[in-house]
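Please look over the sequence and the structure shown below.

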Amino acid sequence: MKVACVGGGPAGLYFSILMKRQNPSHDITVHERNPAGSTYGWGVTYWGGLIQKLHQHDPESARAVRENSVSWSDGVAHIRDHRTTHRGDEGFGIGRRVLLDILAERAQSLGVHVEFGRELAPDDAPPDADLLVACDGAGSALRERHAGHFGTESVTGRNVYIWLGTTKVFSAFTFAFVETEHGWIWAYGYPFGPDHSTCVVECSAATWTGLGLDEANEADGLALLEKLFAEPLDGHPLIGRADSGGSARWLTFRTVTNRTWSHGNLVLLGDAAHTTHYSIGAGTTLALEDAVSLAGALRGQPALRTALTHYERERRSALLSTQSAARYSAQWYENLPRYTQLPPEQMFALLGQRHSPLLPHLPPALYYRLDRTAERLDALRRLKRWLGPKVARTAHSRLR
């Protein structure tokens, strides 16, 4: 099979690795618009289950990913003048550039052609291939050529955010909530290497404009954020971009969905097919899992049409719980003032419960008390686990 992947992110690179491992005679080319070694962003997160899956499909790249990752198990929250810590599951961080380098080198070692600095112009014909994989992100240009067929919908969130780096190496996944005269602003920080951490800052549009961040240049904006988050940063600076490709930008998150994921021999992969809010830290994991599913479908189904249908059905089903969690997580932050009057320990506990479909429908203090009670009483714990998905399905059906 001749395969062309448009987009050299984790999804396209890992898919090319898996296809080459399945059949070395496949002719596979990855077309990446950026130069080699150039990428946006800082570190990405994943959890222990992902490494186990990667080991099943390509142990060599899995070992390289794990060896170049850092881990944590605690969550720390700075809320006003309080600091609270909770023990949690082990999480991992790895530099986005390091991850892409690992996957690109592994793909090339297997015979995949990786062409950097290759961007398709709107009028360019797509690469000639038996299978054309659109893995060029949420704004996929390849997908947009057939927007009517794919039925792409994009819903923009209410908050604004900016993806930054810092030389402060956090020892835990760190949250910081700061109240200003213009409203709340908060940050998520996590390490991804020995020298740097990612720091994502988020706030409402009203707070953003009230603080003047909408008009500030990069240096002034970073200086203000460093002042606001001085305690968790411990005197370390914030950094706008990991490369020389310009300044960091404030963004609004777009939740992208598609009515269908394939058109003839063209199939969507990763963010081109779906996006999930960054606050649950699942984007890279979902992209890699898409790659596993598509490669598996192509191995198990002789006809391309059947394989693409199987892939879409499998991934849509697997994504339901994650997409629900991401939607409720985004809503929790968009309604942050609802929770800021709680004692810090209770607010942090509900931060960990933000994926719950029950939480928006109960007063936060009541939910907290019921949740603590449910953890002690087995019958109530079972009721909570039974009722939550029912509420989620009902809410989801109303949004469709």
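Are R315 and E289 buried or exposed? R315 is buried, and E289 is buried too; buried stands for a relative accessible area under 20%, exposed for over 50%, and partly exposed for values in between, with a 1.4 Å probe and protein chains only.

## Basis of the model

This is a predicted model, in which local features need pLDDT of at least 70 and side-chain atom pairs count only at pLDDT 80 or more, while totals for chains, interfaces and linings use all residues. Residues are numbered from 1 along each chain as its sequence is written, and side-chain values use heavy atoms, with hydrogens and water left out.

## Salt bridges

The whole structure holds twelve salt bridges; such a bridge is a side-chain nitrogen of Lys or Arg within 4 Å of a carboxyl oxygen of Asp or Glu. R315 takes part in one with E289, where the closest N and O atoms are 3.6 Å apart. This pair links distant parts of the chain, as R315 is in helix α11 and E289 in helix α10 (residues 283-300), 26 residues apart. Helices (H or I, at least four residues) and strands (E, at least two) are DSSP runs, numbered from the N terminus. R315 also meets D290 in a salt bridge, at 2.5 Å from N to O. Because D290 lies in helix α10 and R315 in helix α11, this pair ties together parts that are 25 residues apart in sequence. The relative accessible area is 0% for D290, which is therefore buried, and 6% for R315, which is therefore buried.

A further salt bridge joins the side chains of R158 and E334 (3.6 Å, N to O). R158 lies in the loop between β8 (153-156) and β9 (159-166) and E334 in helix α11 (residues 304-334), so parts that are 176 residues apart in sequence are tied together. R21, D58, E60 and R106 are linked in a network of salt bridges.

Another open sheet has eight strands in the order β3-β5-β4-β10-β11-β12-β9-β13, and its pairing is mixed. Here the edge strands are β3 (43-47) and β13 (238-239), each pairing on one side only. Strands β4 (residues 70-79) and β10 (residues 173-180) run parallel and are joined by five bridges; A77 has F175 in β10 as its bridge partner. Helix α2 (residues 48-57) packs on this sheet, touching β3 and β5 (82-95), and its direction makes about 85 degrees with that of β3.

## Nonpolar cores

In soluble globular proteins, nonpolar side chains tend to be buried together. A nonpolar core is a set of buried Ala, Val, Leu, Ile, Met, Phe, Trp, Tyr and Cys residues joined through side-chain atoms within 4.5 Å. The largest one here has 60 residues, and V3, Y14, F15, L131, V133, L269 and L294 have the most contacts inside it. Helix α10 supplies the largest share of this core, eight residues. A second, separate core of 27 residues includes F175, V200, Y339 and Y368.

L131 touches several residues beyond four places away in sequence, among them V3, F15, V267 and L308; contact means heavy atoms within 4.5 Å.

## Two buried residues

N258 lies in the loop between β14 (254-257) and β15 (262-263). Its relative accessible area is 5%, so N258 is buried. Leaving out residues up to four places away in sequence, N258 touches R143, F150, G151, T152, L268, A272, A273 and R316. A polar atom of the N258 side chain lies 3.1 Å from the backbone oxygen of A272.

M347 is found in helix α12 (residues 344-352). With a relative accessible area of 1%, M347 is therefore buried. Beyond four places away in sequence, M347 touches residues including I79, F177, W332 and Y339. The C-alpha atoms of M347 and A365 are separated by 9.1 Å, and these residues are 18 residues apart along the chain.

Definitions and conventions
Polar contact = N/O pair within 3.5 Å; in protein donor to acceptor, adjacent residues only side chain to side chain. Pairing = 2+ DSSP bridges. Axes fitted to C-alpha atoms, helices over the stretch in contact; angles between N-to-C directions.
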